[in-house]
Amino acid sequence: MKRRPLIVGNWKCNPLESTEAVALAAATAKATKRYNEHATIVLAPPHLFVAGVAKRIAKTHVLLSGQD
């Protein structure tokens, strides 16, 4: 079985506003769409932005993770 790379973007304390987080999630989904067959893409935004990011990437190939 071939291994599938896992790419996780842990945003730490960035971005600073919800609108920026949603825009970054949208841009990430668009930019990584062609890699969907080759890698698993995951975003881990700060907890304040999880709901907005989740809504934005809901119908994309990008997965959502949390951080503590």
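Let me start in the loop between strand S1 and helix H1, where Lys 12 has its place; helices here are DSSP runs of H or I with at least four residues, strands are runs of E with at least two, and both are numbered from the N terminus. What we are looking at is a predicted model, in which local features need pLDDT of at least 70 and side-chain atom pairs count only at pLDDT 80 or more, while totals for chains, interfaces and linings use all residues. Residues are numbered from 1 along each chain as its sequence is written, and side-chain values use heavy atoms, with hydrogens and water left out.

Lys 12 is not a glycine, yet its phi is positive, at about 50°, and with 52% relative accessibility it counts as exposed, the cut-offs being over 50% for exposed, under 20% for buried and partly exposed in between, with a 1.4 Å probe and protein chains only. The loop between S1 and H1 also holds Pro 15, which is joined to Asn 14 by a cis peptide bond with an omega of about -5°. As background, most residues other than glycine have a negative phi, and most peptide bonds are trans.

Moving on to helix H1, which spans 18–32, we find Thr 32, a residue that is buried at a relative accessible area of 13%. A polar atom of the Thr 32 side chain lies 2.7 Å from the backbone oxygen of Thr 28. If we leave aside neighbours within four places in sequence, Thr 32 is in contact (heavy atoms within 4.5 Å) with Ile 41, His 61 and Val 62.

Key. A polar contact is a pair of N or O atoms within 3.5 Å; within protein, one must be able to donate a hydrogen and the other to accept it, and residues adjacent in sequence count only if both atoms are side-chain atoms.
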